Amino acid sequence: MNSLLRHKGWTWGFRSTILLYFVILIVLPILGVYYNSFSLGFGSFAEAISDPIAWKSVFLTLKLAVIATVINVVLGTMIAWVLIRYQFPGKSLLNSLVDLPFALPTAVGGLMILLLLGPGSLIGGLAEALGFEIVFHQPAIVIAMVFVTFPFVIRAVQPLLEELDPSEEEAAYTMGAKSSRVFRQVILPSMAPGMISGGMLAFSRALAEFGAVVLVAGNIPGRTLVSSVFIFGEVESDNPVGAAAVSIILLTLSFLILWMINLLQMRGRRS
C-alpha cells in the first residue's frame, strides 16, 4: 500500500482528481455568476447594482446579519462555557442538539419558527396583544439567522476552552485576582480567536440564508426583503443579471470574511 502511495503517477492522478473536483464544484459556479453579471455589458451590471431595491435588500441583510452574529457570539460563548465547565444531567443530549441546525433543512427551521411564533401560536398571539408582531417582520428574520448559524461560535470556542490550562487560572487566583479579572485577562483572550472566527462564519452564513428566511420574512422592499429572497425574485422574474449582480456583492463579502478568518488563524499559529 505504501509503495502505491509513493508512486508518482498515482499521486499525480489523485491530486488532479481533487483539483478537478474542486474546480467543477466551486470555481466554475463562481465564475458563472461573475460571467452572467457582465454578460450584457458593464452598463447593465451598473444599472442592476444601482437599483435602490437591491441596495436596500443588501443593507438590510447586513444589518440583520450583524444583529444575529452578536447574539450568537454572546449566547454561543455562554453555551460553550456551560458545556465545557459544568456537569449536569442531559449534557450529552444538549451537546448533540447544538449541531441540529446543520442536520435540518433550513426550510424546516423556518417552518418551526412560523409555527412557534406565527399569528396563530401562543407566543405570536401574546405578542400581538402587546402591540407588536414577530413573523413577517425583522425579528423573525433575525431569529431565523440565529437558528441556522447557532453552532458556529459554540463549536469554535469549545476546543479552546478544552485546551485552556487550568494552572493559569489557579495561578491568577493564588495571586489574589478576582473572578472577573481572571475571566478578562486569562480566559477571554484564550476564547477570543474562536469567538471571532465563529462569529465571522456565522455572519457569512447569515448573509446567504434563504430557506428559513423566505418562510418568515414579509418580503417588503426596504423593510423585510433580504438579499437572498431578492435574488430568488429576480430569477423568478427572468432577470439573471440583476440576481447575479447582488450575488457578486454577497460573494465578495464572503471571500473577504474567509480571508480574514484564514489570516487570524495563521497569526494564531505563529503566536
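**Overview**

Analyst: The chain has 15 helices and zero strands. Helices (H or I, at least four residues) and strands (E, at least two) are DSSP runs, numbered from the N terminus. This is a predicted model, where local features need pLDDT of at least 70, side-chain atom pairs count only at pLDDT 80 or more, and totals for chains, interfaces and linings use all residues. Residues are numbered from 1 along each chain as its sequence is written, and side-chain values use heavy atoms, with hydrogens and water left out.

User: What does the C-alpha trace span along its principal axes?
Analyst: About 70 × 65 × 35 Å.

User: And how much of the chain counts as buried?
Analyst: Of the 271 residues, 35% count as buried. Buried means under 20% relative accessible area, exposed means over 50%, and partly exposed is in between (1.4 Å probe, protein chains only).

User: What about the accessible surface?
Analyst: The accessible surface of the chain comes to about 16,000 Å². Carbon and sulfur atoms hold 69% of that. Areas come from the Shrake-Rupley method with a 1.4 Å probe; for residues, only the protein chains shown count as cover.

User: Which residues form a nonpolar patch on the surface?
Analyst: Leu20, Tyr21, Phe22, Val23, Ile24, Leu25, Ile26, Leu28 and Leu31. Together they have about 870 Å² of accessible area. Patches are made of residues with over 30% relative accessible area and no salt bridge; like charges are joined within 9 Å, and nonpolar side chains (Val, Leu, Ile, Met, Phe, Trp, Tyr) within 5 Å.

User: Where does Val23 lie?
Analyst: In helix α2, residues 8-37. Val23 is partly exposed, at 33% relative accessible area.

User: Now contacts. What share comes from residues 24 or more positions apart?
Analyst: They account for 73% of the contacts in the chain with a separation of 6 or more. Contact means heavy atoms within 4.5 Å.

User: Give me an example. What is Leu251 in contact with?
Analyst: Ile30, Val33 and Tyr34, leaving aside neighbours within four places in sequence. Leu251 is in helix α15, residues 240-270. Val33 is 218 residues away along the chain, yet the C-alpha atoms of Leu251 and Val33 are separated by 9.4 Å.

User: Is Ser204 buried or exposed?
Analyst: Buried, at 14% relative accessibility. Ser204 is in helix α12. Ser204 touches Ser254 and Ile257, not counting residues up to four places away in sequence.

User: Switching topic. How many salt bridges are there in the whole structure?
Analyst: Two. A salt bridge is a side-chain nitrogen of Lys or Arg within 4 Å of a carboxyl oxygen of Asp or Glu.

User: Which residue does Arg155 bridge to?
Analyst: Asp99, with the closest N and O atoms 2.9 Å apart. Arg155 lies in helix α10 (residues 150-163) and Asp99 in the loop between α5 and α6 (100-103), so the pair ties together parts that are 56 residues apart in sequence. Arg155 is partly exposed, at 25% relative accessible area. Asp99 is also partly exposed, at 30%.

User: And what does Arg205 form a salt bridge with?
Analyst: Glu209, with the closest N and O atoms 2.8 Å apart. Arg205 is partly exposed at 28%, whereas Glu209 is buried at 2%.

User: How many aromatic pairs are there?
Analyst: The count is three. Rings of Phe, Tyr and Trp (its six-membered ring) pair if their centres lie within 6.5 Å; planes under 30 degrees apart count as stacked, over 60 as edge-to-face and the rest as tilted. Of the pairs counted, one is Phe210 with Phe232, which is tilted: 5.2 Å centre to centre, 45 degrees between the planes. Phe210 is in the loop between α12 (179-207) and α13 (213-216), and Phe232 is in helix α14 (residues 227-236). The pair links distant parts of the chain, 22 residues apart.

User: What residue lies over the face of Trp81?
Analyst: Arg85, at 4.5 Å from the ring centre. A charge sits over a ring if NZ of Lys or CZ of Arg is within 6 Å of the ring centre and within 35 degrees of the ring normal.

User: Last one. Which residues of α14 are buried?
Analyst: Ser227, Ser228, Val229, Phe230, Ile231 and Glu234. Just after α14, Asp238 takes a positive phi of about 60 degrees.
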